[in-house]
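I'd like to walk you through a structure, so let me put it up on the screen.

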Amino acid sequence: METSRDDFSIAIRSAFLRKETQQRFSIFALVVLSLVLLLFEKFEVKPINYFRSFVKDVIYRGSIFVSYPSKGIGSTIGFVKNHINLYKNYDDLKKENISLKKNIFNSDYLKLENTQLRRLIDEQELSITNLISARVLLDKESPYLNSFVINLGSNKKIKNGMAVLDGSNFIGRIVDVNFFSSRVLLISDLNSKIPVITEPAGHHAILGGKGKNGAVLEYLPENHNIKNGDKVYTSGKEGIFSPGIPIGEIKIKDKNNISVSLFSDLNQVTFVNINLEKINSK
Amino acid sequence: MISVFKNFSFRIIELIPLLLLFYISLSGNSVIHLNFFTVNIHYILIYYWVLKQPRTIGYGFIFLSGIITDVIFGLPIGATALSLLIVSAVAAYARAVTVRINLINDWLTFIPALLFANFVYFIVLHLLDFSIDYISLFKNSIFTFIFYPVLWVIFSILLRFMKS
């Protein structure tokens, strides 16, 4: 019995503490270093933040460089696929164009009416001048997380919490700012919780990410009268985002599972707009 | 001249696992997506080489590749590094206690490596209030285990080539 315990402790010591042939560090030392780094995640100390931002920027640039070959293969496959589907796409676009032309007059009128009503209630409008455009630098599809990196950082006055739009649709918010890059947490991520309002019912709720399954509405009033196809907008509660930014439309699976079909396809985003408005004005 | 070339090509072959380690970290392909499932080739790569030939991939490099993966995926810095070191530790322990080396032994000892690594990963993310899709993580663990023999065969061919 004693011998087997000795064997076990020798094996453990050998695995964790001994520096093997040509190994500079022991596993134990590196485990401790990892724990220290994780501990630093909790502290917001300026020199550490600067160092972290610098390291992240360097790694992002390295990742772009390393990803060139696989990106090239991917874009070539996409190019060939697009060519194959060209005729079908043309037909679909023709039909879509006709239907959009029909709607355009209607939407112009609604826009005008919306602007007048917003003025009436003295609400801040989302103007083009408050938006800054950015390119998606890295979009590594993690199986567990939904986020991407954009090419603007604190050098362009980007701050944590700013709303990120695809065209005029809300798709996420800034969660990590470096010097020349920032990370966008998408609304489909499990860590994303956005205050929203539904239209026309006008119910306030929280839009929570569900990973690959998009997003669902949480904390709705018990006797809500939400229907399929109702629209979801940012509510502007908490003063983090401007109100009225379109997000998606409702798809009811059952009474307790109300999902939101997003207006933007999160896998197809190349350029985004960042709303500098709210946080800058504070 | 021939011996210089041979020496050079030997050095390149020796570096393949290390280059692969950094390539999958930097390109964000440490978890590869196949149609219905995902496989963590990072774990398999590290487990195999620490078990078979630890001098090929140093612990310091493993730590560094974990840090890179954390930055690329936007995870708390140190989480992946810690789980990769746990995989290395189990592999080092298995190497110390195993006498007979074959695929079945390696495959079975890979189970505790996966369990410990993903448990530590889960605990770290939970303590840092970081939510991830745990069902995906669980599925990923199962398919990583199933996929192990495929990479085992590929790496064994490479190892034989290095030794010859």
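Predicted model: local features only at pLDDT ≥ 70, side-chain atom pairs only at ≥ 80, totals over all residues.

**A tour of two chains**

Let's begin at one residue, Y219(A), which sits in the loop between β8 (215-218) and β9 (231-234) of chain A. Now, Y219(A) is not a glycine, and still it has a positive phi of about 55 degrees. Is Y219(A) buried or exposed? It counts as exposed, because Y219(A) has 12 C-beta neighbours inside 10 Å, and the cut-off for exposed is 12 or fewer.

While we're on chain A, have a look at another loop, the one between β6 (193-199) and β7 (204-209), where you'll find P200(A). The peptide bond that leads from E199(A) into P200(A) is cis, with omega near 15 degrees.

Stepping back to the whole of chain A, we have 5 helices and 12 strands. Of its 282 residues, 27% are buried. If you take the contacts in chain A between residues at least 6 apart in sequence, 53% of them join residues at least 24 apart.

Over to chain B, then. Here the count is 6 helices and 2 strands, and from the N terminus on, the order is α-β-β-α-α-α-α-α. Buried residues come to 45% of the 164 in this chain. Of the contacts in chain B with a separation of 6 or more, 70% are between residues 24 or more positions apart. The C-alpha trace of chain B spans about 60 × 35 × 30 Å along its principal axes.

My favourite part of chain B is helix α4, residues 79-97. Helix α4(B) has 19 residues and reaches 28 Å from its first C-alpha to its last, which is close to the 27 Å expected at 1.5 Å a residue. Of those 19 residues, 16 are buried, so α4(B) is largely enclosed by the rest of the structure.

One of its partners is helix α3 of chain B, residues 59-73. The two helices pack at an angle of about 145 degrees, their axes 7 Å apart, and the crossing of α3(B) and α4(B) is right-handed. On the α3(B) side, the contact includes Y59(B), I62(B) and F63(B), while α4(B) brings in residues including L84(B), L85(B) and S88(B). Sorted by class, that contact of α3(B) with α4(B) has 8 nonpolar, 4 polar and 1 charged residues.

D129(B) lies in the loop between α5 (103-127) and α6 (134-163) of chain B. With 8 other C-beta atoms within 10 Å, D129(B) is exposed.

Last stop: where the two chains meet.

How values were computed: Residues numbered from 1 in each chain as written. Chains lettered and ligands numbered in written order. Helix = DSSP H or I, 4+ residues; strand = E, 2+ residues; numbered from the N terminus. Expected span 1.5 Å × (residues − 1). Buried ≥ 20, exposed ≤ 12 C-beta atoms within 10 Å, placed from the backbone. Axes fitted to C-alpha atoms, helices over the stretch in contact; angles between N-to-C directions. Left-handed = near helix turned anticlockwise from the far one by under 90°. Contact = placed C-beta atoms within 7 Å. Nonpolar A, V, L, I, M, F, W, Y, C, P; charged D, E, K, R; others polar.
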